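Please open the model in a viewer and follow the selections below in order.

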Amino acid sequence: MSDGQPSGRPRGPAGRPLLSLALIEMMEGVNAHSGAVYLLAEEEPVLEMAVMAGLPRAFAAPWERVGLAAPIPVADAARERRVVWVSGEEEMASHYPRVSVVLPYPFALAALPLATDTMVYGAVFVTWPGSHPPELSDREREQLTAACGRLALRLERHAQDSLPLPPEPDPPGAQMVGGLSGTLGAVEAVRMAARLPYGLCSLDLHGRIGFANPAAADLIGVPVSRLLGLQLWATVPWLNDPVFEDRYRAALISQQITSFVALRPPGDWLSFRLFPSRTGLSVRISPARAVAEMGRPGAGEDGTPPRLVTMSQVLTLAGALTQAASVRDVVELVADEVAPAVGGQAVVLLTARAGRLHVLGHRGYPDAQVIERFDGTSLSEPIPGVQAANSAVPSFFESQEHLEHLYPARYATPDGFAAWAYLPLIASGRLVGTCVLAYAERHPFPTEERAVLTSLSALIALALERALLYDVKHQLAHGLQAALLPSSLPPLPGIDAAARYLPGTRGMDIGGDFYDLVPAEGTAAAVIGDVQGHNVTAAGLMGQIRTAVRAYTTVGQPPHEVMSSTNRLLIELGSDLFASCLYLRLDPVRGRAVMARAGHPPPLLRRPDGQVRVLDLAGGPLLGIDSAAAYPTTEVELAPGSVLVLYTDGLIESPGVDIEDALADLGGRLGEAGHLPLDELAEALMSRGAAGGERPDDVALLLLRATG
């Protein structure tokens, strides 16, 4: 591969801790306190953590395997081949909220690609305490870039030799010392600690106790011999609470002093103050001063709180799934976030509807037809997807032989994978679908992993339930909008017409903007309007107004009466909504147009010579305010070749842009493109509204050209 795109993990000679030594050298060179090296997997766009130093690997458990497209710093660095700098807690929350949810502590981070000119091998991150300056210094940037370049070249040489790069253990932290005097380095130091009136403990990076003085044992109520080599929260039942373990994590990651207060049953409050360094923590334990009612109770002695690693995985995946709006989003996020985290290589989401199995989406299968052939399968077929849908019980198949033994029909439909997990997705007490995770190799599913997958399926189910509801509402909104607007514009003698509509990107993607073209004997009428709101009520009222305008036009009312009649009707309907409206009576034979306006943006007129002007029309108030309101009319010349542009305010209104400037810009575009066929002109005028990702308002546009 020589196109500079990410490549699979390279291989190299065994016996040398290449990655560990390079990582330690990087960290020491820039005075970082932790870091990790990731390498790209061989056959999939996934970064795998190879070594980590300075912190327990469990701290980064949610990101031991991450998709290359995942929104985290190391993935960005590898994918975009650039240095990613995160200066602290606020910037992490702003740019990488999923990381911030799991690690809400003050620390700085730099991520860099491991890449040569032709190939990307992985990425590296290093971290500093929260006291690091807000900018990465030139020296730090140069040292890290140079070190990553050297490591990438060594990986390239190993890859060219086609020799395996063996797994490496993480670089060791501070050595555990069993004896008390050995821990502090001198018998006299131990005696000094023993005389202190408060408790003192020494913890290594993994939270294991290497030393405890007698006062600490007395305060905690556990002999020193039972504390050494174990974690406080694993040894002392009333400290077995993830909140206390979180303070230890916060101290190590931020390298700042942290503290907490805990209740030792039945009623003794103790203060724990943690002093971190790069080799571990010193903990001072003392009786707390009078403590008022604490808002955070400790874990009960009989309870077993969830381990923090599992909590971290669930938090980061839950944060990802909350961003999924549509079913397609759920499929993409499960494929990019969940599957890599649990070692899967492919994903299918299924649902059961009307007695048949339906494929909602899939990723990772080389041959899509293998999956799509199951779409529409009867729920009586003996296949695992049907069984999961019917029973709502998860199924795990560690090998192809295991699957085919239970479901012989699968002999005929191999999908190229070797192990599968079928996870029913249950939300609000009902089955909303099934998630199938496929593995490239045989995969035993121990009890703990089955429990994790089942827990994750509940998160996926909630996301899928929301997404299915969103898709239904989305289809309903578009169907309703399409039914209320003209499906096509009628041909008119002497007039060419074109129209466009774009829904807003907020709410239900449905709004109250409307337009219509009504043929009448010898003349024609055009109308455009905007009912306030972006919901079904606004759309329904829009349909009533459009129907009323058509009726009043058909019976021959002049423009000012059409507006007055529509205004009274809107008030009689008792709606709390108002509407703007612009109504035109066109006479192409005389080359004239009579217009009436109700609080609507002024139309633009492009003359045959290319000059554009804003038509400053007389008008009345919005429809639905005053039953006695009058709507004066204005007559405008409409020579052959002239173009009238009618629009709603969504075309010219956007945050931070002055209306006058937006109107001038629209006029400029009309002047430049007004000679084009109307369909092309419509696209040119709408392009700015369509290009922006966010449209707070919907947009309607109606173009009329006099042909003579």
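**A hairpin, a sheet and a cavity**

Select Ser202 to begin: opposite this residue stands Phe211 in E8. This is a predicted model, in which local features need pLDDT of at least 70, side-chain atom pairs count only at pLDDT 80 or more, and totals for chains, interfaces and linings use all residues. Residues are numbered from 1 along each chain as its sequence is written, and side-chain values use heavy atoms, without hydrogens and water.

Strands here are DSSP runs of E, at least two residues, and helices are runs of H or I, at least four, numbered from the N terminus; pairing requires at least two DSSP bridges. Five residues separate E7 and E8 in a hairpin, and Gly207 in the turn has a positive phi of about 85°.

Next, display the open sheet of five strands, ordered E19-E20-E21-E22-E25 with antiparallel pairing. Its edge strands are E19 (512–520) and E25 (633–637), each pairing on one side only. Within the sheet, eight bridges connect strand E20 (residues 523–531) and strand E21 (residues 579–587); Ala524 has Leu586 in E21 as its bridge partner.

Finally, select Ala60, Trp63, Leu103, Leu109 and Phe125, which lie nearest the centre of the largest cavity among its 18 lining residues. A cavity is a set of points on a 1 Å grid over the protein atoms alone where a 1.4 Å probe fits but cannot get out; lining residues have an atom within 4 Å of a point.

Note on methods: On a 1 Å grid over the protein atoms alone, a cavity is a set of points where a 1.4 Å probe fits but cannot get out, and a pocket is an open set with protein on both sides within 12 Å along at least five of seven lines; lining residues have an atom within 4 Å of a point.
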